[in-house]
Amino acid sequence: MRAIVIRHGKVDFQWRKWSTSKQFNKDCKRYDEAPVCPLISDGLPTGERDIYISSLRRSRETARQLFGAKEFICTELIDEVPLCAGIISNKRLPLLFWNVSGRLQWFINSSSQKESRTETTRRAQKFVEMIMKRKRDCIIVTHGFFMHTLLKQMKKHGFRMNHKRFSYANGECVIAER
């Protein structure tokens, strides 16, 4: 079984460099609703593969740009790990603070985030079990931060990856085989 895991295309959105917690949360929502910049396709083969997309706009738009008007299987199991301000502050703080503190809180399973690392791992495991049950080659259009958890779960279930990185560029793909 072969799975091609793709990070969505670049989102046409400009983050504020400094923001309050309320502004950061608003920007997170606006980012989720923003369109994807045009992509250049490398001609990924689709053939008889299932194409999974997350429920977020950027995943669907990326799949449409890469594969055209095909039928996609939409699932929240491969949505990005939600991010929000972990503290309430009217003080403007740098974007790096909001991103790093939110992801650290996720990592330690803090209730200040919308989803814990344990819940994300459970979602990824459920998705991997679902595609293994179908036993079909597939393409998965998902998100950068979530990809780490997904690929880790795929590896636990016997998939071998063509590479593993600290971060994945927009539009980058990883080939996983079992």
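1. The model is predicted: local features need pLDDT of at least 70, side-chain atom pairs count only at pLDDT 80 or more, and totals for chains, interfaces and linings use all residues. Residues are numbered from 1 along each chain as its sequence is written, and side-chain values use heavy atoms, with hydrogens and water left out.

2. R136 forms a salt bridge with D50, and the closest N and O atoms of the two are 3.1 Å apart (a salt bridge is a side-chain nitrogen of Lys or Arg within 4 Å of a carboxyl oxygen of Asp or Glu). R136 sits in the loop between α4 and β6 (138-142), while D50 is in strand β3, so this pair ties together parts that are 86 residues apart in sequence. Helices (H or I, at least four residues) and strands (E, at least two) are DSSP runs, numbered from the N terminus.

3. D50 also forms a salt bridge with R134, where the closest N and O atoms are 3.5 Å apart. This pair links distant parts of the chain, with R134 in helix α4 and D50 in strand β3 (residues 50-53), 84 residues apart. D50 counts as buried, at 9% relative accessibility. R134, in contrast, is partly exposed, with a relative accessible area of 42%.

4. The structure holds 9 salt bridges. Another of them joins E177 to R2, with 3.8 Å between the closest N and O atoms. Because E177 lies in strand β8 (residues 173-177) and R2 in strand β1 (residues 2-7), the pair ties together parts that are 175 residues apart in sequence. E177 is partly exposed at 36% relative accessibility, and R2 is partly exposed at 29%.

5. The largest nonpolar core has 23 residues (a nonpolar core is a set of buried Ala, Val, Leu, Ile, Met, Phe, Trp, Tyr and Cys residues joined through side-chain atoms within 4.5 Å). F127, I131, I140, L150, M154 and F159 have the most contacts inside this core. At least two core residues come from each of β1, α4, β6, α5 and β8. A second, separate core has 10 residues, among them I6, I51, I53 and A63.

6. F127 lies in helix α4 and counts as buried, at 0% relative accessibility. Not counting residues up to four places away in sequence, F127 touches Y52, T75, L77, I78, I140 and L150 (contact means heavy atoms within 4.5 Å). R57 is 70 residues away from F127 along the chain, and their C-alpha atoms are separated by 19 Å.

7. F159 is in contact with M1, A3, V128, I131, M132, M154, A176, E177 and R178, leaving aside its neighbours within four places in sequence. One of these contacts is E177, the residue that forms a salt bridge with R2.

8. S59 lies in helix α2 (residues 57-67). S59 is buried, with a relative accessible area of 0%. Apart from its neighbours within four places in sequence, S59 is in contact with H8, I53, S54, V141, T142 and H143.

9. C37 is in the loop between α1 and β3, and is partly exposed at 22% relative accessible area. If residues up to four places away in sequence are not counted, C37 touches K10, V11, D12 and Q65. C37 and E61 are 24 residues apart in sequence and 9.2 Å apart in space, C-alpha to C-alpha.

10. The largest pocket contains about 1200 Å³ of space. On a 1 Å grid over the protein atoms alone, a pocket is an open set of points where a 1.4 Å probe fits, with protein on both sides within 12 Å along at least five of seven lines; lining residues have an atom within 4 Å of a point. Grid points are joined across faces, edges and corners, and the volume is the space filled by probe spheres set on the points.

11. The largest share, 7 residues, is supplied by α5.

12. By class, the lining of the largest pocket has 14 nonpolar, 9 polar and 11 charged residues (Ala, Val, Leu, Ile, Met, Phe, Trp, Tyr, Cys and Pro count as nonpolar, Asp, Glu, Lys and Arg as charged, and the others, Gly among them, as polar).

Note on methods. Buried means under 20% relative accessible area, exposed over 50%, partly exposed in between (1.4 Å probe, protein chains only).
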